[in-house]
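Work through the exercises below with the sequence and the model at hand. Each task is followed by a solution in steps.

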Amino acid sequence: MDVRPRRPGPIRLAIVDDDPLVRTGLRILMGGSPDIELVGEAKDGTEVDALADAHWPDVVLMDLRMPKVDGLVATRRLRSRPSPPHVIVLTTFNADEHVLDALRAGASGFLLKDTPPMEIIAAVRTVAAGSATLSPAVIRQLIDHVADPSAGPRRDVARTRLATLTDREREVAVGLGRGWSNAEIATELSMSVPTVKGHVSRLLAKLDLNNRVQVALLVHDAELL
């Protein structure tokens, strides 16, 4: 999938949420950050294509639970576009059964709606820079709370996909699964940070994935941790 290069200037942010109070709160919050520009809002997933066409956001804050087209479908739509925006999914529950599906669909992370304001702003900046906002502790928590009868077949598929990696690439993938930063992986594996970055780029290309979160999920699916 193409990755749209970030244009100079503020991060272009869009909000998709059916609750007008949530949209208002996020609008006020982002208004105090000079490096973030709120370019558009939508109240349902039915409006995401028009929103993206009109405003070309860099990051979309996406509610998961909406009445017509939910955030999972809307995330898939956005991430299937050429040069798609990054997506951070929003949910009220830390064990929402759709969060893992949204992450597999290409979302770069998720936030609870009661996340402290400065953490929401930091997450938008992190995702816009090409990183993820999801910790392995959150992934494990979700996996622990979500009963998934397809876990066995998915484990076999994940192990087959990871078998295409070199030993070093596999070690880097496991580091991503543990939630390590590039610097932490470099320290643990006695590599330079630029070398780690190169391995991560090759991992994404080999595995046909969009971001580090999807690599982490694949490692968890393969039960390598």
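Predicted model: local features only at pLDDT ≥ 70, side-chain atom pairs only at ≥ 80, totals over all residues.

**Exercise 1.** Describe the protein chain by its secondary structure, burial and contacts.

Solution. Start with the secondary structure: the chain has 11 helices and 5 strands. Next, take burial: 47% of its 225 residues count as buried. Finally, turn to contacts between residues at least 6 apart in sequence: 69% of them join residues at least 24 apart.

**Exercise 2.** Locate D63 and decide whether D63 is buried or exposed.

Solution. First, find the element: D63 lies in strand β3, which spans residues 59-63. Second, apply the cut-off: buried means under 20% relative accessible area. D63 has 3% relative accessibility and therefore counts as buried. Third, list the contacts beyond four places in sequence: V16, D17, D18, G71, L90 and K113. Last, consult the record: an unreviewed UniProt entry annotates D63 as "modified residue: 4-aspartylphosphate".

**Exercise 3.** Determine how the buried residues of helix α2 are arranged around its axis, and what covers them.

Solution. Begin with the buried residues of α2 (residues 48-55), which include V48, L51 and A52. Viewed down the helix axis, the buried residues of α2 fall within an arc of 95°, so they line one face. The other side of α2 carries the exposed residues A50, D53 and A54. Then identify the cover: among the elements over the buried residues are β1 (11-16), β2 (36-42), β3 and α3 (71-79). To finish, look just past the end of α2, where W56 has a positive phi of about 45°.

Note on methods: Residues numbered from 1 in each chain as written. Heavy atoms only, no water. Helix = DSSP H or I, 4+ residues; strand = E, 2+ residues; numbered from the N terminus. Buried < 20%, exposed > 50% of the residue type's maximum accessible area, 1.4 Å probe, protein only. Contact = heavy atoms within 4.5 Å. UniProt positions renumbered as here; feature names shortened; annotations may be inferred. Arc of directions from axis to C-beta.
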